[in-house]
Amino acid sequence: MLDVIVFILLFLIIVNWFQLMSFSNLVVGKKIKTSSIKDEWIHNKVKKKTGLTLIDITLFHDKKMYGMMAGLPFWPKMILSTGLYESFNKDELEWVVLHEAFHCVLWHNLQSFIIEMVILFLGIYFVKTEHIGLLSIIFLAIILGVICIQIIRWTTEYIADKYAIEKMTNPKGVITAQDKFRINYKDNFLNSEKSIFRMLFHWNITFSQRIQIANKRINSK
Ligand SMILES: [Zn+2]
(Lines give C-alpha, C1' and ligand atoms only; values in the text may rest on other atoms or scores of the structure.)
Protein backbone atom coordinates (compact mmCIF):
# COMPACT_ATOMS: atom_id res chain seq x y z
CA MET A 1 0.00 0.00 0.00
CA LEU A 2 2.80 2.42 0.94
CA ASP A 3 4.44 1.92 -2.46
CA VAL A 4 1.22 2.91 -4.21
CA ILE A 5 0.91 6.06 -2.07
CA VAL A 6 4.53 7.04 -2.78
CA PHE A 7 3.93 6.57 -6.49
CA ILE A 8 0.69 8.60 -6.51
CA LEU A 9 2.17 11.53 -4.56
CA LEU A 10 5.37 11.65 -6.56
CA PHE A 11 3.57 11.42 -9.90
CA LEU A 12 1.06 14.15 -9.01
CA ILE A 13 3.78 16.49 -7.70
CA ILE A 14 5.94 16.01 -10.81
CA VAL A 15 3.08 16.67 -13.21
CA ASN A 16 1.44 19.54 -11.30
CA TRP A 17 4.39 21.29 -9.66
CA PHE A 18 3.64 24.66 -11.25
CA GLN A 19 0.00 24.74 -10.14
CA LEU A 20 0.93 23.41 -6.69
CA MET A 21 3.54 26.14 -6.29
CA SER A 22 1.23 28.92 -7.43
CA PHE A 23 -1.66 27.87 -5.23
CA SER A 24 0.45 27.06 -2.18
CA ASN A 25 1.78 30.62 -2.40
CA LEU A 26 -1.76 31.78 -1.69
CA VAL A 27 -1.79 30.17 1.74
CA VAL A 28 1.78 29.78 2.98
CA GLY A 29 5.05 31.73 2.93
CA LYS A 30 4.97 35.27 1.64
CA LYS A 31 1.33 34.89 0.73
CA ILE A 32 0.18 36.14 -2.65
CA LYS A 33 -2.69 38.60 -2.35
CA THR A 34 -5.55 38.38 -4.81
CA SER A 35 -8.08 40.87 -6.10
CA SER A 36 -10.88 40.78 -8.61
CA ILE A 37 -10.74 43.25 -11.49
CA LYS A 38 -13.23 44.61 -13.97
CA ASP A 39 -11.48 44.92 -17.31
CA GLU A 40 -14.07 45.46 -20.01
CA TRP A 41 -11.42 45.21 -22.73
CA ILE A 42 -10.54 41.64 -21.68
CA HIS A 43 -14.19 40.61 -21.28
CA ASN A 44 -15.08 41.97 -24.74
CA LYS A 45 -12.00 40.59 -26.45
CA VAL A 46 -12.53 37.10 -25.07
CA LYS A 47 -16.25 37.16 -25.85
CA LYS A 48 -15.72 38.38 -29.40
CA LYS A 49 -12.89 36.02 -30.36
CA THR A 50 -13.72 32.84 -28.46
CA GLY A 51 -17.41 33.18 -27.57
CA LEU A 52 -16.63 32.77 -23.87
CA THR A 53 -18.26 34.96 -21.22
CA LEU A 54 -15.84 35.27 -18.32
CA ILE A 55 -17.41 35.24 -14.86
CA ASP A 56 -14.43 36.83 -13.19
CA ILE A 57 -10.85 37.97 -13.67
CA THR A 58 -8.65 37.49 -10.60
CA LEU A 59 -5.27 39.15 -10.18
CA PHE A 60 -2.57 37.30 -8.26
CA HIS A 61 -0.29 39.96 -6.76
CA ASP A 62 2.91 38.30 -7.91
CA LYS A 63 5.77 39.81 -9.89
CA LYS A 64 6.25 36.57 -11.83
CA MET A 65 4.41 36.52 -15.16
CA TYR A 66 1.69 33.97 -15.78
CA GLY A 67 -1.95 33.43 -16.57
CA MET A 68 -4.20 30.51 -15.71
CA MET A 69 -7.73 29.39 -16.22
CA ALA A 70 -9.81 28.01 -13.38
CA GLY A 71 -12.99 26.13 -14.04
CA LEU A 72 -14.73 24.64 -17.03
CA PRO A 73 -16.71 26.39 -19.82
CA PHE A 74 -19.75 26.89 -17.55
CA TRP A 75 -17.74 28.59 -14.77
CA PRO A 76 -14.88 30.41 -16.48
CA LYS A 77 -12.54 32.36 -14.21
CA MET A 78 -9.33 33.82 -15.53
CA ILE A 79 -6.29 34.31 -13.32
CA LEU A 80 -3.54 36.76 -14.29
CA SER A 81 -0.48 37.75 -12.28
CA THR A 82 0.10 41.47 -11.72
CA GLY A 83 3.62 40.97 -13.11
CA LEU A 84 2.02 40.05 -16.42
CA TYR A 85 -1.05 42.28 -16.36
CA GLU A 86 0.90 45.44 -15.57
CA SER A 87 3.78 44.97 -18.01
CA PHE A 88 2.02 43.59 -21.10
CA ASN A 89 0.60 45.98 -23.69
CA LYS A 90 -2.77 45.28 -25.33
CA ASP A 91 -1.31 43.22 -28.20
CA GLU A 92 0.63 41.03 -25.78
CA LEU A 93 -2.26 40.73 -23.38
CA GLU A 94 -4.54 39.67 -26.21
CA TRP A 95 -2.41 36.57 -26.76
CA VAL A 96 -2.52 35.65 -23.07
CA VAL A 97 -6.25 36.11 -22.60
CA LEU A 98 -7.11 34.27 -25.82
CA HIS A 99 -4.72 31.45 -24.91
CA GLU A 100 -6.40 31.10 -21.50
CA ALA A 101 -9.91 31.40 -22.95
CA PHE A 102 -9.21 28.67 -25.51
CA HIS A 103 -8.12 26.36 -22.69
CA CYS A 104 -11.59 26.88 -21.33
CA VAL A 105 -13.72 26.55 -24.48
CA LEU A 106 -11.76 23.46 -25.55
CA TRP A 107 -12.23 21.83 -22.10
CA HIS A 108 -8.47 21.58 -21.59
CA ASN A 109 -8.67 21.41 -17.78
CA LEU A 110 -10.86 18.33 -18.02
CA GLN A 111 -8.74 16.89 -20.83
CA SER A 112 -5.49 17.26 -18.84
CA PHE A 113 -7.18 15.78 -15.80
CA ILE A 114 -8.28 12.71 -17.79
CA ILE A 115 -4.80 12.29 -19.33
CA GLU A 116 -3.27 12.47 -15.84
CA MET A 117 -5.74 9.98 -14.37
CA VAL A 118 -5.28 7.44 -17.18
CA ILE A 119 -1.49 7.51 -16.81
CA LEU A 120 -1.74 7.56 -13.01
CA PHE A 121 -3.90 4.43 -12.98
CA LEU A 122 -1.63 2.66 -15.45
CA GLY A 123 1.23 3.39 -13.05
CA ILE A 124 -0.72 2.21 -10.02
CA TYR A 125 -1.63 -0.98 -11.83
CA PHE A 126 2.02 -1.58 -12.67
CA VAL A 127 3.22 -0.86 -9.12
CA LYS A 128 0.60 -3.21 -7.66
CA THR A 129 1.19 -6.11 -10.04
CA GLU A 130 4.98 -5.97 -10.40
CA HIS A 131 5.93 -5.35 -6.74
CA ILE A 132 8.88 -3.19 -7.75
CA GLY A 133 11.27 -1.60 -5.22
CA LEU A 134 11.28 1.99 -4.01
CA LEU A 135 13.96 3.17 -6.46
CA SER A 136 12.02 1.70 -9.38
CA ILE A 137 8.84 3.36 -8.12
CA ILE A 138 10.58 6.75 -8.09
CA PHE A 139 11.97 6.09 -11.56
CA LEU A 140 8.55 5.02 -12.84
CA ALA A 141 6.86 8.14 -11.39
CA ILE A 142 9.42 10.37 -13.13
CA ILE A 143 9.16 8.58 -16.49
CA LEU A 144 5.35 8.51 -16.49
CA GLY A 145 5.26 12.11 -15.20
CA VAL A 146 7.42 13.28 -18.09
CA ILE A 147 5.31 11.34 -20.63
CA CYS A 148 2.16 12.86 -19.15
CA ILE A 149 3.59 16.40 -19.36
CA GLN A 150 4.61 15.91 -23.01
CA ILE A 151 1.12 14.69 -23.96
CA ILE A 152 -0.50 17.62 -22.11
CA ARG A 153 1.93 20.07 -23.75
CA TRP A 154 1.12 19.04 -27.31
CA THR A 155 -2.62 18.41 -26.85
CA THR A 156 -3.48 21.50 -24.77
CA GLU A 157 -0.75 24.15 -24.42
CA TYR A 158 0.37 24.03 -28.05
CA ILE A 159 -3.25 23.99 -29.24
CA ALA A 160 -4.19 27.00 -27.07
CA ASP A 161 -1.23 28.94 -28.50
CA LYS A 162 -2.07 27.93 -32.05
CA TYR A 163 -5.75 28.98 -31.78
CA ALA A 164 -4.90 32.19 -29.90
CA ILE A 165 -2.28 33.26 -32.45
CA GLU A 166 -4.66 32.52 -35.34
CA LYS A 167 -7.32 34.78 -33.80
CA MET A 168 -5.09 37.65 -32.66
CA THR A 169 -5.54 41.10 -34.13
CA ASN A 170 -1.79 41.70 -34.10
CA PRO A 171 0.27 38.48 -33.90
CA LYS A 172 3.41 40.53 -33.34
CA GLY A 173 2.19 40.81 -29.74
CA VAL A 174 3.23 37.18 -29.22
CA ILE A 175 6.79 37.96 -30.23
CA THR A 176 7.24 40.96 -27.93
CA ALA A 177 5.50 39.05 -25.11
CA GLN A 178 8.11 36.27 -25.37
CA ASP A 179 10.88 38.86 -25.09
CA LYS A 180 9.33 40.13 -21.86
CA PHE A 181 9.09 36.54 -20.56
CA ARG A 182 12.74 35.96 -21.42
CA ILE A 183 13.81 39.00 -19.39
CA ASN A 184 11.48 38.18 -16.50
CA TYR A 185 12.67 34.58 -16.28
CA LYS A 186 16.32 35.06 -17.13
CA ASP A 187 17.51 33.96 -13.66
CA ASN A 188 15.19 30.97 -13.54
CA PHE A 189 17.09 27.95 -14.86
CA LEU A 190 13.82 26.08 -15.27
CA ASN A 191 12.73 28.52 -17.93
CA SER A 192 15.86 28.65 -20.02
CA GLU A 193 15.06 27.11 -23.39
CA LYS A 194 18.22 25.04 -23.33
CA SER A 195 17.37 23.58 -19.92
CA ILE A 196 16.64 19.87 -20.00
CA PHE A 197 14.40 20.39 -16.94
CA ARG A 198 12.29 22.84 -18.88
CA MET A 199 11.99 20.49 -21.81
CA LEU A 200 10.99 17.58 -19.60
CA PHE A 201 8.87 19.15 -16.89
CA HIS A 202 7.28 22.34 -18.23
CA TRP A 203 3.79 22.21 -19.71
CA ASN A 204 4.29 25.08 -22.14
CA ILE A 205 5.99 25.05 -25.52
CA THR A 206 9.10 27.24 -25.69
CA PHE A 207 9.29 30.95 -26.42
CA SER A 208 10.93 30.21 -29.79
CA GLN A 209 8.20 27.74 -30.75
CA ARG A 210 5.54 30.40 -30.08
CA ILE A 211 7.49 32.98 -32.11
CA GLN A 212 7.67 30.44 -34.94
CA ILE A 213 3.88 30.03 -34.98
CA ALA A 214 3.43 33.82 -34.92
CA ASN A 215 5.93 34.35 -37.75
CA LYS A 216 4.18 31.71 -39.80
CA ARG A 217 0.90 33.60 -39.48
CA ILE A 218 2.54 36.99 -40.15
CA ASN A 219 4.29 35.67 -43.28
CA SER A 220 1.24 33.86 -44.63
CA LYS A 221 -0.50 37.18 -45.34
ZN1 LIG B 1 -1.82 27.48 -21.21
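This is a predicted model: local features need pLDDT of at least 70, side-chain atom pairs count only at pLDDT 80 or more; totals for chains, interfaces and linings use all residues.
Residues are numbered from 1 along each chain as its sequence is written, and side-chain values use heavy atoms, with hydrogens and water left out. Helices are DSSP runs of H or I of at least four residues, and strands are E runs of at least two, numbered from the N terminus.

Helix α1 bends by about 80 degrees at Asn16, the bend being the angle between axes fitted to the seven residues ending there and the seven starting there. Asn16 is also among the buried residues of α1, together with Phe11, Trp17 and others (buried means under 20% relative accessible area, with a 1.4 Å probe and protein chains only). These buried residues pack against β2, β3, α5, α6 and α8, with contact meaning heavy atoms within 4.5 Å. Gly29, with a positive phi near 70 degrees, follows α1.

I turn now to α4, residues 90–105. Its axis and that of α7, residues 172–184, lie 8 Å apart at about 90 degrees (axes are lines fitted to C-alpha atoms over the stretch in contact, and angles run from 0 to 180 degrees between N-to-C directions). The two helices are therefore roughly perpendicular, a term for angles of 65 to 115 degrees. Asp91, Glu92 and Trp95 make the contact from the α4 side.

Technical notes. Buried means under 20% relative accessible area, exposed over 50%, partly exposed in between (1.4 Å probe, protein chains only). Angles under 35 degrees count as roughly parallel, over 145 as roughly antiparallel, 65 to 115 as roughly perpendicular and the rest as oblique.
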